Amino acid sequence: MTNRIPLDKWLGHIEKEYLDSFIKEGGSAVKFTIVDEKNPLPLVSKLQDSCNRHNFFFASMDAINSRVYMPQDIFFSLARQIDWQKLARRVVLDMLRSRDFRIPDFDIMESKNIIETVAKANNIEANTLFYELRPLIEKKTVKNPYLVKAFRVAMTHFCIAEKYRSQDKQPLLEWLRGTNTRITNVKPFQIHTPINRTTARYFIESAVHWIRLAGYSGTVILLDNNRVTLAKNPKDGSRFYTRAMVMDHYELLREFIDDVNRLSGTLLVTLTNNEFIDIDAPKGWAIYPALRTRVMDDVRDKIIANPVASLVRLS
């Protein structure tokens, strides 16, 4: 693959073909981008700007700070970039808006109690407003089939905490973000499921669905896996990936591709390098044909690069 496409032109196609329509309407896609330059910041900043303009939640992660061969680390990295209280508040306000309650213009993160704020704006008691809210929480959260059970329970606690402000949500935050994975800490919340290699993908699927419920058009995740393809350990103090770890990472990417329809309104962009597609590279995609055959183009133009291909080389 030798044809390149300018970054701005590629982003234009991504906005038009995906962010403006397909992803916004609930579709999902996995893309691979090759950047020759060592500095990927232009892609990161411009993709984030596109997300801000189109009301998408943007998250970035890399193979240095996260074990990208472990699905739970992918979720933990995503979870650490999410303001869970803010998402819950946005969901609650959307529920109240659906019942034709007047929502005043206020900063949802500055208000100590949005239930009281909205109740005051509608000249009713906070308890009455919460009584109207409870069945909506049950419908959109407790009985939501797109959310895994443990995630459902956690989000329900975040929502009802808007009425009962004394509830300590710190154990839930630590469990979601992976800072304290002991399940005993969240058992008082009636959560008995750990977030591990087996369950993490269900939590990722639940998180991106919850983000859309909170009013975002969707989620864009940028995964920088440049570190994965290093053949020799530079011994610079950063994480080094063995061949077995690289195989697990490629298998995880392949699973995302195969089950992309389970990711509600999500665009996953993997930022990689030339070694990734080098057939002779010791840690390139050739070591895992199942991924290579899903990403490579069997038929392509010799001169013009396809801007919506699964894999593009950016200039």
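Trp 84 and Phe 151 are both buried, where buried means under 20% relative accessible area, exposed over 50% and partly exposed in between, with a 1.4 Å probe and protein chains only. The model is predicted: local features need pLDDT of at least 70, side-chain atom pairs count only at pLDDT 80 or more, and totals for chains, interfaces and linings use all residues. Residues are numbered from 1 along each chain as its sequence is written, and side-chain values use heavy atoms, with hydrogens and water left out.

**Aromatic pairs**

A search of the whole structure finds 11 aromatic pairs. Rings of Phe, Tyr and Trp (its six-membered ring) pair if their centres lie within 6.5 Å; planes under 30 degrees apart count as stacked, over 60 as edge-to-face and the rest as tilted. Trp 84 and Phe 151 form an edge-to-face pair, because their ring planes stand at 70 degrees, with the centres 5.8 Å apart. This pair links distant parts of the chain, with Trp 84 in helix H4 (residues 84-98) and Phe 151 in helix H7 (residues 149-160), 67 residues apart. Helices (H or I, at least four residues) and strands (E, at least two) are DSSP runs, numbered from the N terminus.

Phe 151 also pairs edge-to-face with Trp 210, at 6.5 Å centre to centre and 80 degrees between the planes. Here helix H7 is linked to helix H9, across 59 residues. Trp 210 is buried, as is Phe 151.

Elsewhere, ring pairs join Phe 32, Tyr 250, Phe 276 and Trp 285 into a cluster. Arg 90 lies over the face of Tyr 216, at 4.2 Å from the ring centre; a charge sits over a ring if NZ of Lys or CZ of Arg is within 6 Å of the ring centre and within 35 degrees of the ring normal.

**Cavities**

The structure holds 2 cavities of 30 Å³ or more. A cavity is a set of points on a 1 Å grid over the protein atoms alone where a 1.4 Å probe fits but cannot get out, and lining residues have an atom within 4 Å of a point.

| Cavity | Volume | Lining by class |
|---|---|---|
| Largest cavity | about 80 Å³ | 9 nonpolar, 1 polar, no charged |
| Second largest cavity | about 40 Å³ | 4 nonpolar, no polar, 4 charged |

Helix H9 (200-213), strand E3 (218-224) and strand E4 (266-272) each supply at least two residues of the lining of the largest cavity. That lining includes Met 61, Ile 204, Phe 256 and Thr 266. For the second largest cavity, H9 gives the most, with 3 residues. Its lining includes Arg 201, Ile 204, Glu 205 and Phe 256.

Notes:
1 Å grid on protein atoms, 1.4 Å probe; cavity = no way out; pocket = protein on both sides within 12 Å on 5 of 7 lines; lining within 4 Å. Points joined across faces, edges and corners; volume = space filled by probe spheres on them. Nonpolar A, V, L, I, M, F, W, Y, C, P; charged D, E, K, R; others polar.
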